[in-house]
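Try each task before reading its solution.

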Amino acid sequence: MTATLIQPTHVLDLRTIPPRERHPLIFGRFDGLAVGQALQLVNDHNPQPLHYQFDDRSYGQFEWTVLEAGPSVWRIQIARTANAATAQPAARGDSCCSGGACCG
């Protein structure tokens with residue numbers, strides 16, 4: 001799939017936000033996006049664990065695009081591609097970081 005860059009609705013510089021507040025803020029902003037809108041995240045480390053969380057809670061509703069990959073700054077675009085009601089559900093046992101190996 002080819003990523004489509006979208007003018008972000010929100011740019012969140014996570015480097016200025018306390019760690020415990022980051023994921024609730026990101027998910028709240030994502031939940032407020034309409035289909036076709038996007039968030040852009042700026043971080044000081046690879047947010048891959050967040051990608052796994054998006055796969056688990058919002059499967060089929062987003063497109064994750066790495067815009068810049070370190071070493072000191074990561075920029076990620078997360079675009080809403082579907083609403084929860086229209087997204088395809090994840091296959092059972094395939095939504096965790098190990099591809100389901102831990103759920104077997």
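Helices here are DSSP runs of H or I with at least four residues, and strands are runs of E with at least two, numbered from the N terminus. By that rule D31 belongs to helix α1, which covers residues 19-31. Please keep in mind that you are looking at a predicted model.

**Exercise 1. The surroundings of D31**

Task: Find which residues D31 is in contact with, leaving aside its neighbours within four places in sequence, and classify D31 by its relative accessibility.

Solution: 
- Step 1. Search for heavy atoms within 4.5 Å. With neighbours within four places in sequence left aside, D31 is in contact with R57 and R80.
- Step 2. Look at the side chains of D31 and R57: a polar contact of 2.8 Å joins them.
- Step 3. Turn to accessibility. Partly exposed residues fall between the 20% limit for buried and the 50% limit for exposed. D31 has 44% relative accessibility, so it counts as partly exposed.
- Step 4. Compare sequence with space. D31 and S58 are 27 residues apart in sequence, and their C-alpha atoms are 9.3 Å apart.

**Exercise 2. The view from R57**

Solution: 
- Step 1. List the contacts. Not counting residues up to four places away in sequence, R57 touches F27, F30 and D31.
- Step 2. Check accessibility. R57 has a relative accessible area of 36%, which means that it is partly exposed.
- Step 3. Take a C-alpha to C-alpha distance as well: R57 and A84 are 9.6 Å apart in space and 27 residues apart in sequence.

**Exercise 3. Salt bridges**

Task: How many salt bridges does the model contain, and what parts of the chain does the pair of R57 and D31 tie together?

Solution: 
- Step 1. Look for a side-chain nitrogen of Lys or Arg within 4 Å of a carboxyl oxygen of Asp or Glu. The count by this rule is 3 salt bridges.
- Step 2. Start with R15 and D13, whose side chains meet in a salt bridge at 2.8 Å, N to O. R15 is partly exposed at a relative accessible area of 40%, and D13 is partly exposed at 26% relative accessibility.
- Step 3. Go on to R57 and D31: in this salt bridge the closest N and O atoms are 2.8 Å apart. R57 lies in helix α2 and D31 in helix α1, so the pair ties together parts that are 26 residues apart in sequence.
- Step 4. Finish with R75 and E68, whose side chains form a salt bridge at 3.2 Å, N to O. R75 is partly exposed, with a relative accessible area of 27%, and E68 is partly exposed at 33%.

**Exercise 4. The sheet and its helices**

Task: What is the order of the strands in the open sheet, and which strands does each helix meet?

Solution: 
- Step 1. Trace the pairing. The open sheet has 4 strands in the order β1-β2-β4-β3, with mixed pairing.
- Step 2. Identify the edges: β1 (10-13) and β3 (62-69) each pair on one side only. From one strand to the next, the twist averages 15°.
- Step 3. Inspect one pair. β1 and β2 (residues 38-43) pair in the parallel sense over 4 bridges. D13 has V42 in β2 as its bridge partner.
- Step 4. α1 lies across β1, β2, β3 and β4 (74-80), and runs at about 160° to β2. α2 packs on the sheet and touches β2, β3 and β4, with its direction at about 170° to that of β3.

**Exercise 5. The nonpolar core**

Task: Which residues of the largest nonpolar core touch the most other members, and is H51 buried or exposed?

Solution: 
- Step 1. The core has 15 residues, of which I26, F30, L41, L50, F54, W64 and I78 touch the most other members.
- Step 2. Assign the core to elements. α1, β2, α2, β3 and β4 each supply at least two residues, and α1 gives the most, with 3 residues.
- Step 3. Zoom in on W64. Not counting residues up to four places away in sequence, W64 touches P47, L50, H51, F54, I76, Q77 and I78.
- Step 4. H51 has 18% relative accessibility, so it counts as buried. Neighbours within four places in sequence aside, H51 is in contact with F62 and W64.

Technical notes: Residues are numbered from 1 along each chain as its sequence is written. This is a predicted model: local features need pLDDT of at least 70, side-chain atom pairs count only at pLDDT 80 or more; totals for chains, interfaces and linings use all residues. Side-chain values use heavy atoms; hydrogens and water are left out. Buried means under 20% relative accessible area, exposed over 50%, partly exposed in between (1.4 Å probe, protein chains only). A polar contact is a pair of N or O atoms within 3.5 Å; within protein, one must be able to donate a hydrogen and the other to accept it, and residues adjacent in sequence count only if both atoms are side-chain atoms. Two strands pair if DSSP finds at least two bridges between them. Axes are lines fitted to C-alpha atoms, for helices over the stretch in contact, and angles run from 0 to 180 degrees between N-to-C directions. A nonpolar core is a set of buried Ala, Val, Leu, Ile, Met, Phe, Trp, Tyr and Cys residues joined through side-chain atoms within 4.5 Å.
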